[in-house]
Amino acid sequence: MNINRRHFLALPGGLFLANTLGCSSLITAQPPKRIIVAGAGIAGLSVACELSRLGYEVVVIEGRDRVGGRICTLKEPFTDDQYVELGGELIGDGYKRLLGYAHKLNVGFEEVPAETLTGGNLAASREGINTAAIFKQKLYPVNSIMAPHPYPLTGDEAKLLPPALLSKYLRQMLQEVTANPSRMRELDPLSLADALRQFGVSETAISLMNISLNYNSIETVSAVSPLLDAQRRASAGTKVCRITGGNTELVTAMARQAAKQGVKFILQANIRKISYTSNAVKISFRDNSGRINGINAIVTIEAAKLVCTIPFSVLREVEFSPPLPPAKMKAVNELAYTSITKIYFQGSRVEWDRRNLGSSIWTDTPLERIFTAAGKRGDARGIFTAWMDGEGSNIADKMSDEKRQRWAKNEFEKALPFMQGAIVSTHTKSWANDEFACGAYAHFTRGQFTTLQPMLKTVVGPIHFAGEHTAEKSPGMEGALESAERVVAEVLTASL
Ligand SMILES: Cc1cc2nc3c(=O)[nH]c(=O)nc-3n(C[C@H](O)[C@H](O)[C@H](O)COP(=O)(O)OP(=O)(O)OC[C@H]3O[C@@H](n4cnc5c(N)ncnc54)[C@H](O)[C@@H]3O)c2cc1C
């Protein structure tokens, strides 16, 4: 079925988010220069806000039944007004674009005081600050001296927790690439493990660092990926901010603003095919809402341009006609995405505080790292997040959600026996199993910085590419907004 003006007018209003957000107007005319935005994550929402403000007719097509993509605040099943972020969490005070939207849209945000860092604990754990540890089933509170070390480690390897040790070497590598930028390309064919071996790091230390790495494997990730990420994080500022009520507040406000400016949202629309000529695109999606032509009907919508923010991990399953140029297709097919699985436990935090466990525990258990994700010292309850990436995540992802929660609760109580009977609810999120993400975020495996990176943002005919995977200077959510800014400029300069 082709979708045209007649169908827009005939569609039940509920299909459009615009209606649920209080904007009653459906499309009333079909100007020739419609732009479709694929994906209502923060990149797509920003593109929609800016292009509609500039007078373009914008239609956003989104596979999920909500906006925000990898930004999603989870409030249920938790009590005590506590909540967690399933995806994008930490906001640096250098996130000028993101905080600019919050300011403009009257969405509250506040700085998180360092001493109460809960949501901010990932940054701290990266440096091994305020972090406890479990090695070989023994719990070491924050700032413990491990002598003798439970593993055969000596010198700094024994003194620093694995994330802090990795940070030490990354700082040295960063100094090298800052002094000699062409070093990046020399490092790209090396895995991070091989680059560390060149510093004389022991195999034991490398395998322990692998546990808390935000990539799939220390043996496959390019040595360049953590350096690029460190450079991007440096641009994110020094303090951690938090959106009041959770990050979903921001993306919802952006969607509301876009709808007010006339943007139409089609939710539960799973894009399956993108056909294009030099100056037009046809997008075919499976309508999972059942409101157009019955459940699973294939609907086609046309436009002059497409801004595609779909992660490449998902886009590789979408048919292109004609196929994308080979180098672009290779980037879409091969770009690596980190698997991340989280399990949330809400329960008493009295014992956690009493034992001085700080804002996170680095562990050599299958749960990998455990963060305090909500609540602060002195609160009766808190939410603790077990965070697994890469190989650890793959094991957990093979289980059903229910089985994973049971398994993880058992592991949690084994690791922290004083938490037995203290957990009141659990929840889990696998980003690799999420059909609209197929992973948490993009990274480069060996050699991909050289071969794939130049192709990530290249325009193909009327198709522009945005999203965190195409960002170059800023991390995560701010990177997604950086990409949106670039694409809006591209669209403005291209002759429509
Ligand atoms: C576990 C985790 C922790 C993170 N922590 C941080 C952090 O602390 N700080 C930070 O800055 N960033 C963090 N990030 C990264 C941040 O969340 C992302 O970079 C950002 O949200 C990506 O936005 P985006 O718009 O590029 O992509 P997305 O949010 O993924 O948007 C793409 C949209 O496309 C839709 N889509 C996909 N396929 C289709 C299809 N076939 N048809 C229609 N629609 C489709 C998706 O549903 C989605 O809504 C984290 C991410 C994860 C997963």
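## Close-up views of a predicted model

**View 1. Polar contacts between the protein and the ligand.** In this predicted model, a polar side-chain atom of Arg64 is placed 2.8 Å from an oxygen atom of the ligand. The backbone also takes part: a backbone N or O atom of Leu90 lies 2.7 Å from an oxygen atom of the ligand. A backbone N or O atom of Gly63 is found 2.9 Å from a nitrogen atom of the ligand. On its own, the ligand has 1,000 Å² of accessible area, and the protein covers 97% of this area.

**View 2. The shell of residues around the ligand.** The ligand is surrounded by 36 residues. The closest of these are Glu62, Arg70, Leu90, Tyr95 and Glu468. Sorted by class, the shell consists of 19 nonpolar, 11 polar and six charged residues. Domain 1 (2-69 + 247-322 + 455-493) and domain 2 (73-125 + 239-245 + 340-430) each supply at least three residues to the shell.

**View 3. A salt bridge between Asp434 and Arg64.** Arg64, whose side chain has a polar atom 2.8 Å from a ligand oxygen, also forms a salt bridge with Asp434. The closest N and O atoms of this pair are 2.9 Å apart. Are the two partners buried or exposed? Asp434 has a relative accessible area of 7% and is therefore buried, as this value is under 20%. Arg64, at 10% relative accessibility, also counts as buried.

View 4. Side chains of opposite charge can pair when their charged atoms come close. Here the side chains of Arg197 and Asp194 form a salt bridge, with an N to O distance of 2.7 Å. Both residues lie in helix H9 (residues 192-198), where they are three residues apart, about one turn of the helix. Arg197 is partly exposed, with a relative accessible area of 28%, and Asp194 is partly exposed at 30%. The pair belongs to a network of salt bridges that links Asp194, Arg197, Glu203 and Glu219. In the whole structure, a search finds 27 salt bridges.

View 5. Lys409 and Glu413 meet through their side chains in a salt bridge, with 3.5 Å from N to O. Because they are four residues apart in helix H17 (residues 401-415), about one helical turn separates them.

View 6. Most residues other than glycine have a negative phi, and most peptide bonds are trans. The peptide bond from Glu76 to Pro77, however, is cis, with omega near 15°. Pro77 is located in the loop between S4 and strand S5 (84-85). Ala147 and Pro148 are likewise joined by a cis peptide bond, for which omega is about 0°. Pro148 is located in the loop between strand S9 (138-140) and helix H6 (156-159).

**View 7. Two residues with a positive phi.** Which phi value does Glu368 have? Its phi is positive, about 65°, although Glu368 is not a glycine. Glu368 lies in the loop between strand S19 (360-363) and strand S20 (369-374), and with a relative accessible area of 8% this residue is buried. Cys438, which is also a residue other than glycine, has a positive phi near 50°. The loop between S22 and S23 contains Cys438, which counts as partly exposed at 31% relative accessibility.

**View 8. Ala43 in helix H3.** Ala43 is part of helix H3 and is buried, with a relative accessible area of 5%. Along the chain, Ala43 and Tyr215 are 172 residues apart, and their C-alpha atoms are separated by 22 Å.

How values were computed:
Residues are numbered from 1 along each chain as its sequence is written. This is a predicted model: local features need pLDDT of at least 70, side-chain atom pairs count only at pLDDT 80 or more; totals for chains, interfaces and linings use all residues. Side-chain values use heavy atoms; hydrogens and water are left out. A residue is near a molecule or strand if one of its heavy atoms lies within 4 Å of it. A polar contact is a pair of N or O atoms within 3.5 Å; within protein, one must be able to donate a hydrogen and the other to accept it, and residues adjacent in sequence count only if both atoms are side-chain atoms. Accessible areas come from the Shrake-Rupley method with a 1.4 Å probe; for residues, only the protein chains shown count as cover. Ala, Val, Leu, Ile, Met, Phe, Trp, Tyr, Cys and Pro count as nonpolar, Asp, Glu, Lys and Arg as charged, and the others, Gly among them, as polar. Domain bounds come from an automatic or database domain assignment. A salt bridge is a side-chain nitrogen of Lys or Arg within 4 Å of a carboxyl oxygen of Asp or Glu. Buried means under 20% relative accessible area, exposed over 50%, partly exposed in between (1.4 Å probe, protein chains only).
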